[in-house]
Amino acid sequence: MSSSAVHRVGIVGLVLAMCALAGCDKAPQAVRPSPPERLLFSFERPTMLPIYGGTASRTLVAEHATHGRRSLRVRFCAKHETVILDSGGFPMDWRGWHTLKADMYRDGAPLRLNLRISDAHGRRHWIWGIPLAPGANTLAVDIPSLQRHIDLSAVTELMWYAERPTGVVYLDNIRLSR
């Protein structure tokens with residue numbers, strides 16, 4: 001056997017040994033694609049209600065649910081203009097996601113909402129004047145535009161504030177989307 005043949009057999013043997021150590025002898029595993037959406041808040045269990053706060057009256061109801069069987073009915077009125085969704089001490093990582101989406105159903109006249117997003121470091125960012133038309137709406141917020149203002153790896157709270165608080169909004173299926 002020539003020295004180049006011995007060298008090739010040695011390299012092949014080395015590659016086979018390394019492959020066996022790395023598990024290459026197993027069948028290839030299918031690569032699972034990343035899910036297109038990740039649910040942040042749904043309103044299925046009454047025990048989750050305490051992590052939702054604010055001054056507006058809140059109730060779990062069956063009407064206008066878009067994920068599961070329940071939605072959160074928020075009744076806005078004077079001096080009762082906010083609803084807060086808190087991560088319960090577990091910051092959410094929004095890196096790698098493109099859009100924050102929330103399904104809302106407006107029962108009544110058009111309404112303008114402001115959304116405040118907070119992180120674990122106390123930084124906050126406001127999105128002003130979000131129009132909410134009567135009927136079904138899907139709020140969509142561009143996540144990459146937020147990275148200059150808050151830490152996307154440690155989002156802790158969403159707060160909606162109604163400018164002229166009147167009527168009812170149903171909130172459900174708050175999620176991240178790719």
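Reader: How many aromatic pairs does the structure hold?
Author: The predicted model holds two aromatic pairs. In one of them, the ring centres of tyrosine 105 and tyrosine 170 are 6.2 Å apart and the planes meet at 65 degrees, so this pair is edge-to-face.

Reader: Which strands do tyrosine 105 and tyrosine 170 lie in?
Author: Tyrosine 105 belongs to strand S6, residues 99-107, and tyrosine 170 to strand S11, residues 167-177. The pair therefore ties together parts that are 65 residues apart in sequence.

Reader: Is tyrosine 170 buried or exposed?
Author: Tyrosine 170 is buried, at a relative accessible area of 7%. Tyrosine 105 is partly exposed, at 25%.

Reader: And what about tryptophan 126 and tryptophan 128?
Author: Their ring centres lie 4.8 Å apart with the planes at 15 degrees, so the pair is stacked. Tryptophan 126 is partly exposed, with 27% relative accessibility, whereas tryptophan 128 is exposed, with 56%.

Reader: Where does the charged end of arginine 178 sit?
Author: That charged end sits over the ring of tryptophan 97, at 3.8 Å from the ring centre.

Reader: Changing topic, where is asparagine 173 placed?
Author: Asparagine 173 is in strand S11. Asparagine 173 is buried, and its relative accessible area is 10%.

Reader: What does asparagine 173 touch?
Author: Leaving aside residues up to four places away in sequence, asparagine 173 touches several residues, including Leu39, Phe41, His67 and Asp103. With aspartate 103 there is a polar contact between the two side chains, at 3.3 Å.

Note on methods. Residues numbered from 1 in each chain as written. Predicted model: local features only at pLDDT ≥ 70, side-chain atom pairs only at ≥ 80, totals over all residues. Heavy atoms only, no water. Phe/Tyr/Trp six-rings, centres within 6.5 Å; stacked < 30°, edge-to-face > 60°. Helix = DSSP H or I, 4+ residues; strand = E, 2+ residues; numbered from the N terminus. Buried < 20%, exposed > 50% of the residue type's maximum accessible area, 1.4 Å probe, protein only. Lys NZ or Arg CZ within 6 Å of the ring centre and 35° of its normal. Contact = heavy atoms within 4.5 Å. Polar contact = N/O pair within 3.5 Å; in protein donor to acceptor, adjacent residues only side chain to side chain.
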